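Here is a short note for a colleague who has not looked at this structure before. Please read it with the sequence and the model side by side.

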Amino acid sequence: MKKLRPWTRPLTEQLDEELLEDTLQTLFPAGRPEEARRMVSHEEEDDMPEVTNAELTTAVKQIKSGIKAPGPDGIPATIVVRTLDVMKEPLRKTLTKCLQEGKVPEVWKTAKLILLPKPGKPPGQPSSYRPICLIDELGKLLERLLANRLRNHMEATGNQLSPDQFGFRTGHSTIDAIKKVQERTEEAIGRNRVVLAVSLDIKNAFNSITTKGILQGLIRKQTPKSLYEVLKDYLLDRSATFN
């Protein structure tokens, strides 16, 4: 984040127009939104619970209010954290309405795109740039609520998450993964065995996952219909702006 200095021209202004277009097409492959739009959940209708004060407080705590670049509205996370006592009730009602109507405001689906050069990579290649998409902090709050509710569903249904999945999970951080590798290595060496490790780097992994594929996964995991609908709306019609 130290590279995002306000007095520096954005990389999107410095790149050749053709290279910029190739880079954006590489980083954000075009999908088929109409296929995803037609997908439906076959779960029974259910009522989306209201957002509780405890749930909102937890989501706010998950926002890192350090020195971070704000989203398109220019409001930093620290403002959301410091005004929670005053804004809690109207914010809770707004987020509840989004969840119950299955709609995510368009403004919260619009990100500010910033490109960062990868160290040691040739500047003329689209894969030499790393994208950062900054969204409004209130949009992040809604993301936290959705992620927490989806995780709770996965854990409540018993067999939805692998014990070997680390990252993006409570109590299963990437540090835990490293510790597990260390323990298995020490155990193998103690038994005079050879240890082999395989590391896979999937190119542009997150941006290459299709909306249709994500929705199919949600359906397979029997995600409650109300939660499925708002997640579907969250994934569709997203956009990014840049200078």
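1. The model is predicted. The protein has 11 helices and three strands. Read from the N terminus, the order of elements is α-α-α-α-α-α-β-β-α-α-α-α-α-β.

2. Extent and burial. Along the principal axes, the C-alpha atoms fill a box of roughly 55 × 55 × 40 Å. Of the 243 residues, 31% count as buried. Among contacts between residues at least 6 apart in sequence, 75% join residues at least 24 apart.

3. Pairing of strand 1 with strand 2. Strand 1, residues 110-117, pairs with strand 2 in the antiparallel sense, over six bridges.

4. Pairing of strand 1 with strand 3. Here the sense is parallel, and strand 1 and strand 3 share three bridges. In strand 3, Thr241 is the bridge partner of Lys112. As background, strands of a sheet pair through backbone hydrogen bonds, in either the parallel or the antiparallel sense.

5. Burial of strand 1. Why is strand 1 described as largely enclosed by the rest of the structure? Six of its eight residues are buried, so the description follows from that count.

6. Lys109. This residue lies in the loop between helix 6 (84-101) and strand 1. Is Lys109 buried or exposed? Its relative accessibility is 6%, and buried means under 20%, so Lys109 counts as buried. Leaving aside neighbours within four places in sequence, the contacts of Lys109 are Val104, Asp233, Tyr234, Leu236, Asp237, Arg238 and Ser239.

7. Arg238 and Tyr234. Arg238 lies over the face of Tyr234, at 4.3 Å from the ring centre.

8. Helix 4. Which residues of helix 4 (residues 53-61) are buried? They are Glu55, Leu56, Ala59 and Val60. These residues cover an arc of only 135° around the axis, so they are on the same side of helix 4. The cover over the buried residues of helix 4 includes helix 5 (77-82), helix 6 and helix 7 (137-156). On the face turned away from the buried side, helix 4 carries the exposed residues Ala54 and Lys61.

9. Thr52. This residue is in the loop between helix 3 (33-37) and helix 4. Thr52 has a relative accessible area of 41%, so it is classed as partly exposed. From C-alpha to C-alpha, Thr52 and Val195 are 48 Å apart in space, and they are 143 residues apart in sequence.

Definitions and conventions. Residues are numbered from 1 along each chain as its sequence is written. This is a predicted model: local features need pLDDT of at least 70, side-chain atom pairs count only at pLDDT 80 or more; totals for chains, interfaces and linings use all residues. Side-chain values use heavy atoms; hydrogens and water are left out. Two strands pair if DSSP finds at least two bridges between them. Helices (H or I, at least four residues) and strands (E, at least two) are DSSP runs, numbered from the N terminus. Buried means under 20% relative accessible area, exposed over 50%, partly exposed in between (1.4 Å probe, protein chains only). Contact means heavy atoms within 4.5 Å. A charge sits over a ring if NZ of Lys or CZ of Arg is within 6 Å of the ring centre and within 35 degrees of the ring normal. The arc is that of the directions from the helix axis to the C-beta atoms.
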